Amino acid sequence: MTDVAFIGLGAMGIAMARNIVEGGHTVVGFDTSEAAMEQHVANGGVSAPSATEAVRGAKIIITMLPIGAVVQTVLLGPPGAVENIDAGAIVIDMSTIHPSDTDDIRDGLKAHDVRMIDAPVGRTSVQAETGTLLIMAGGDSADIEEVRPVLECMGDLIIDCGGPGMGSRMKITNNLMTTVLNVLTAEVLTLGEATGLDRDLAIEVMSGTAAGLGHMSTTYPAKVLKDDLTPAFMIDLARKDLGIAIEMAEKTGVPLALAENADTVYADAQSAGRGAEDWTAIYAMMREKQIS
Ligand code: NAD
């Protein structure tokens, strides 16, 4: 019996499938790219002529495809691979897709008695190569445990995200942070250089402050996550510094897409009477607005 079917052998999938092969499993793969299929076979995998054929007899079916619509079409069709998936098998969708697509696909599979885990991955193709991805798994905990040995071929940190669809939601939440932080990082380094700073020194300095260490591991646990808004560094002062940076950016002609928006949020906090609170009170303010 086939152990694993793997659909989508792109930048990520090709290495993930190879690591499962190296873990001692038979991996029947399918990708619309012929080059990907050749590489999969060279890596010790087995090739199938279609997704519908790849899944035949597999206990675990992994999808690593670009977008939700493709995952949906491949699995549910028409013609859907699900028609050939054994009842009781588990589909693990590791693509990054919209959580509502995840929910729809789960429902579609359930109608055929096929279980699903949404398990998108953190990190990049570099860690896909080395089998050291971070896997955000959503589904029944017992199902996640059942497929853990296969997940462990691909990742070194597997986190049960708390139920069906939660892996997908965790991934999008994570990527909100990483994608926006990418732009902020580019803006900050560009402004630093424009003001004459040595880039390596700037990175060294910021690696030792909340700038590089991140608020989640420094200021938040020290203050707002403990419901302590007495100021370690107050909103009024934070906004003062942000204002100086915006002015310097204007003088040096560096466009800051995010700073102006951040400034309006700090201004809102001041208007709400939070100027003397800790700067992490921005989070308390947002939660309050969301809940009310
Ligand atoms: P990719 O474009 O390199 O690979 C996708 C593969 O799917 C391609 O080989 C393509 O030929 C194949 N494909 C498309 N339609 C198909 C179909 N109908 N049937 C079979 N195969 C089909 O993308 P990737 O970088 O491997 O990313 C895959 C997913 O993982 C995406 O959702 C992406 O957002 C996510 N992701 C990527 C990274 C990364 O660093 N590249 C990191 C984390 C998550």
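## E146 and its surroundings

E146 touches I90 and R115, when residues up to four places away in sequence are not counted, and touching here means a contact, with heavy atoms within 4.5 Å. E146 is found in helix 7, which covers residues 141-154; helices (H or I, at least four residues) and strands (E, at least two) are DSSP runs, numbered from the N terminus. At 48% relative accessibility, E146 counts as partly exposed, on a scale where buried means under 20% relative accessible area, exposed means over 50%, and partly exposed lies in between (1.4 Å probe, protein chains only). E146 and A222 are 76 residues apart in sequence, and from C-alpha to C-alpha they are 38 Å apart in space.

This is a predicted model, in which local features need pLDDT of at least 70 and side-chain atom pairs count only at pLDDT 80 or more, while totals for chains, interfaces and linings use all residues. Residues are numbered from 1 along each chain as its sequence is written, and side-chain values use heavy atoms, with hydrogens and water left out.

## The protein as a whole

The protein has 14 helices and nine strands, and its C-alpha atoms fill a box of roughly 65 × 45 × 30 Å, taken along the principal axes. Of its 292 residues, 42% count as buried. Among the contacts in the protein with a separation of 6 or more, 63% are accounted for by residues 24 or more positions apart.

The accessible surface of the protein comes to about 14800 Å², and 58% of this surface belongs to carbon and sulfur atoms. Accessible areas come from the Shrake-Rupley method with a 1.4 Å probe, and for residues only the protein chains shown count as cover.

## A covered helix

Helix 1, made of residues 13-22, is mostly covered, with nine of its ten residues buried. These buried residues are G13, I14, A15, M16, A17, R18, N19, I20 and V21. Helix 1 is followed by G24, whose phi is positive, near 100°.

## Backbone angles to look for

Most residues other than glycine have a negative phi, and most peptide bonds are trans. Against this background, D113 has a phi near 60°, a positive value in a residue other than glycine. D113 lies in the loop between helix 5 (99-110) and strand 6 (115-118), and at 57% relative accessibility it counts as exposed. R123, which is also not a glycine, has a positive phi near 80°; R123 lies in the loop between strand 7 (121-122) and helix 6 (125-130), and is partly exposed, with a relative accessible area of 42%.

P78 has its place in the loop between helix 4 (68-76) and strand 5 (90-93), and P79 lies in the loop between helix 4 and strand 5.

## The largest pocket

Rolling a probe the size of a water molecule over the atoms shows where empty space is left. On a 1 Å grid over the protein atoms alone, a cavity is a set of points where a 1.4 Å probe fits but cannot get out, whereas a pocket is an open set with protein on both sides within 12 Å along at least five of seven lines, and lining residues have an atom within 4 Å of a point. The largest pocket has a volume of about 2500 Å³. Of the 49 residues that line this pocket, L181, L184, A211, H215 and Y266 are the closest to its centre.

Helix 8 (166-194), helix 9 (199-206), helix 10 (210-213), helix 12 (235-252), helix 13 (259-271) and helix 14 (281-291) each supply at least two residues of the lining, and the largest share, 13 residues, comes from helix 8. The lining divides into 35 nonpolar, twelve polar and two charged residues, where Ala, Val, Leu, Ile, Met, Phe, Trp, Tyr, Cys and Pro count as nonpolar, Asp, Glu, Lys and Arg as charged, and the others, Gly among them, as polar.

C153 is in no disulfide, and the nearest cysteine sulfur, that of C161, is 19 Å away. C153 counts as buried at 16% relative accessibility, and C161 is buried too, with a relative accessible area of 14%.

Notes: Grid points are joined across faces, edges and corners, and a volume is the space filled by probe spheres set on the points. A disulfide is a pair of cysteine sulfur atoms within 2.5 Å.
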